[in-house]
Amino acid sequence: MGSVPENDVLELLNQIGEAIALTFGKDCEVCISDLDTPEKAVLYIYNGHVTGREVGSPLIDEAKARVRNTDENVYLNYKKKIRKNGPSLKSSTIVKKIGGRNIAFCINYDCTQVEAMQYTLMNFLQTSSDQEDLDILGINTPSALAPIIQASIQSTNKPVSNFKKADRLKVVRDLDKRGILQIQNSVRLIADALGVSRYSIYNYIKEVRKEDH
């Protein structure tokens with residue numbers, strides 16, 4: 001059985017991309033790019049408004065770094081932002097050699113609406129309680145830390161997608177006062193929840209502790 005022609009494979013990827021974009025709606029971007037021509041990388045794209053790209057757009061810097069640092073050319077279900085004040089994206093990228101070209105198939109989902117829904121639902125489900133049953137020695141697992149971090153985020157009364165630096169500092173300060181930052185893996189979980197890097201969280205910790213002293 002002979003190999004499938006390069007154009008046929010690309011057309012199949014194009015059809016799969018269109019199907020995914022139509023199935024998941026306008027917040028789901030699917031982009032197929034030629035990594036060997038970064039100055040005009042985008043071959044096919046659906047819902048390009050998510051990242052502001054169109055056919056013929058260049059490869060973005062984040063994509064270049066992601067491809068360089070990806071084991072086995074596959075990176076699934078990660079968070080990213082391509083602009084400082086842009087939306088939080090949930091993404092997956094697969095890179096394969098097709099014919100003589102390195103082709104990237106990338107899905108970017110704009111989580112802005114979902115985060116707003118999450119905030120609304122959590123705000124609705126929140127109840128008043130005078131008791132806070134927290135045992136610091138018993139919350140050193142990600143599953144136990146996550147709701148505490150989310151509760152601190154919800155106390156700001158706005159979704160993460162609308163956060164400014166002051167909001168992130170407020171969350172970090174609250175968690176620091178409660179001793180959460182001393183727990184293993186807490187910085188990583190907080191960074192993921194706020195959609196920023198761990199380096200940013202460490203800077204926020206320094207800033208709030210300096211202000212508080």
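1. Asn14 is buried, with a relative accessible area of 10%, where buried stands for under 20% relative accessible area, exposed for over 50% and partly exposed for what lies in between (1.4 Å probe, protein chains only). This residue is found in helix α1, which covers residues 6-24; helices (H or I, at least four residues) and strands (E, at least two) are DSSP runs, numbered from the N terminus. Leaving aside residues up to four places away in sequence, Asn14 touches Ile32, Tyr44 and Tyr46, a contact being heavy atoms within 4.5 Å.

2. A word on the basis of these remarks: this is a predicted model, in which local features need pLDDT of at least 70 and side-chain atom pairs count only at pLDDT 80 or more, while totals for chains, interfaces and linings use all residues. Residues are numbered from 1 along each chain as its sequence is written, and side-chain values use heavy atoms, with hydrogens and water left out.

3. On the overall layout, the protein has seven helices and five strands, and reading along the sequence gives the pattern α-β-β-α-β-β-β-α-α-α-α-α. Of its 213 residues, 38% count as buried.

4. With 13 residues, α5 reaches 18 Å from its first C-alpha to its last, close to the 18 Å expected at 1.5 Å a residue, the expected span being 1.5 Å times one less than the number of residues. The buried residues in α5 are Asp167, Arg168, Leu169, Val171, Val172, Leu175 and Asp176. After α5 comes Gly179, whose phi is positive, near 80°.

5. How do the helices α5 and α7 meet? Their axes come within 9 Å and cross at roughly 75°, where axes are lines fitted to C-alpha atoms, for helices over the stretch in contact, and angles run from 0 to 180 degrees between N-to-C directions. That makes α5 roughly perpendicular to α7, since angles of 65 to 115 degrees count as roughly perpendicular, those under 35 as roughly parallel, those over 145 as roughly antiparallel and the rest as oblique. On the α5 side the contact includes Leu169, Val172 and Asp176, and on the α7 side the residues include Ile201, Tyr204 and Val208.

6. Helices α6 and α7 pack at an angle of about 105°, with their axes 9 Å apart, which means that α6 is roughly perpendicular to α7. Here Val187, Arg188, Ile190, Ala191 and Leu194 in α6 meet Arg198, Ile201, Tyr202 and Ile205 in α7.

7. Turning to aromatic rings, rings of Phe, Tyr and Trp (its six-membered ring) pair if their centres lie within 6.5 Å, with planes under 30 degrees apart counted as stacked, over 60 as edge-to-face and the rest as tilted. By this rule the count comes to one aromatic pair. The partners are Tyr75 and Tyr78, which are edge-to-face at 4.6 Å centre to centre, with 75° between the planes. Tyr75 counts as partly exposed at 32% relative accessibility, whereas Tyr78, at 6%, counts as buried.

8. Asn47, in the loop between β2 (42-46) and α2 (61-68), has a positive phi of about 55° although it is not a glycine, and is partly exposed, with a relative accessible area of 22%. Asn157, in the loop between α4 and α5, has a positive phi of about 65°, although it too is not a glycine, and is exposed at 52%. Asn85 has its place in the loop between β3 (74-80) and β4 (89-98) and is exposed, with a relative accessible area of 74%. The C-alpha atoms of Asn85 and Ser161 are separated by 9.0 Å, although these residues are 76 residues apart along the chain.
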